[in-house]
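Morning, everyone. Let's walk through one model together. Have a look at it on the screen.

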Amino acid sequence: MRYIVLATGCLALAALAAGTLATQERPSELTGCYDITAKDLLTDDLVASGFEQEIPRRIEFAGPSRGWSHRDSLRTAIVVPEGALPSVHHLMSGEIIGDSLNVGFSTGYGGVTAMLGWTGERWVGVARHFYDVGPPFEEDAGPIELTPASCDSPPPVPVDVMLPITRSVELEGGLVITLGEPLPEVLGPTPERFANRNVTGRTTGLFAGTDSISVGLVEQWGVTQIRLHYTDPDAYSNVETRLRQAYGAPEEDLSGDATHSNPITRLVLIDLANGAGDVLLSFR
């Protein structure tokens, strides 16, 4: 993590924006698309790297936010338009409070929040990282701008720069389990909050050969992780080969496990005793 000192000029810029709101027209509601510039929080060398705190380069305000409670609120939901580089943040929303715009991007464990003022052409202000778990960190911050953009124009960073890792597992018989979507009804009801569920069936295609399947579920997100267990060494070796052919050589994570990842998806191969292994497919 790179920590920076908040520049006095950044504070002055935000103050200037706030001071001119009374004489300049600003949006009265949040609609349409915006491009984000936040060089100290989102830099070119991090794009498509899967860095946990990346925020999207293009966003769209898309109606009432349903948030953690899964009910409409006063905030406006933020989504990433089709064709733009997705974000690891599952909870994104904004709200106009007085003369300011407050936006937040959260993974559920941390993220980025910003307060901005309208300059007449764009929203300008200060963004800060926040962390909901672990030991306290020195808070880092930097300037951020949201500039109105046509949703039909090419995004600053297109989705095709991202390694396309599958988010679905197909079962024999045609059922499909997909990250971010509800579990098929025939496999069980949606949980009220959090749940882990064993799934009956065997995989086919890219992940063929499993002996057992377990699924992590969260009410507002649907399937958040899929764990596939292989007891047959040949089956596990075969899935390793298929994944390498599909996504290239894996990286090694901090635990020494082989990993394929992009900004929104993580696929981990976990070696077990006697040639067995697990494949874990999850949100980042």
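In which strand does G216 lie? The answer is strand β12.

The protein chain has 284 residues. Its secondary structure comes to two helices and 17 strands.

How far can we trust it? Mean pLDDT for the protein chain is 81, and 80% of its residues reach 70 or more. Among the elements, strand β9, residues 168-170, has the highest mean, at 96. Helix α1, residues 8-19, has the lowest, at 40. That brings us to residues 1-23, where pLDDT is below 50. The model still gives this stretch 35 contacts beyond near neighbours in sequence. Residues 43-51 also stay under 50. They have 18 contacts beyond four places in sequence. Where pLDDT is low, predicted coordinates should not be read in detail.

Now the sheet around our glycine. Seven strands form an open sheet. The order is β11-β12-β13-β17-β16-β15-β14, and the pairing is antiparallel. Which strands stand at the edges? They are β11, residues 194-199, and β14, residues 251-252. Each has a single partner strand, so one side of each is left without a neighbour in the sheet.

What packs on this sheet? Helix α2, residues 233-247, does. It touches β13, β15, β16 and β17. The helix direction makes about 145° with that of β16.

Zoom in on β12, residues 212-218, and β13, residues 222-230. These two pair in the antiparallel sense over seven bridges. L217 stands opposite V223 in β13.

Back to G216. Is it buried or exposed? Buried means under 20% relative accessibility. G216 is at 3%, so it counts as buried. Which residues does G216 contact, leaving aside neighbours within four places in sequence? They are A195, N196, G222, V223, T224 and Q225. Compare L183 with G216: they are 33 residues apart in sequence, and 9.7 Å apart in space, C-alpha to C-alpha.

Last, the whole chain. Buried residues make up 42% of it. Take the contacts with a separation of 6 or more: residues 24 or more positions apart account for 53% of them. The chain exposes about 14400 Å², and carbon and sulfur atoms supply 51% of that.

To recap: G216 lies in β12, and it counts as buried. Thanks, that's me done.

Terms used
Residues numbered from 1 in each chain as written. Predicted model: local features only at pLDDT ≥ 70, side-chain atom pairs only at ≥ 80, totals over all residues. Heavy atoms only, no water. Pairing = 2+ DSSP bridges. Helix = DSSP H or I, 4+ residues; strand = E, 2+ residues; numbered from the N terminus. Contact = heavy atoms within 4.5 Å. Axes fitted to C-alpha atoms, helices over the stretch in contact; angles between N-to-C directions. Buried < 20%, exposed > 50% of the residue type's maximum accessible area, 1.4 Å probe, protein only. pLDDT = per-residue confidence, 0-100. Areas by Shrake-Rupley, 256 points an atom, 1.4 Å probe, with all protein chains shown as cover.
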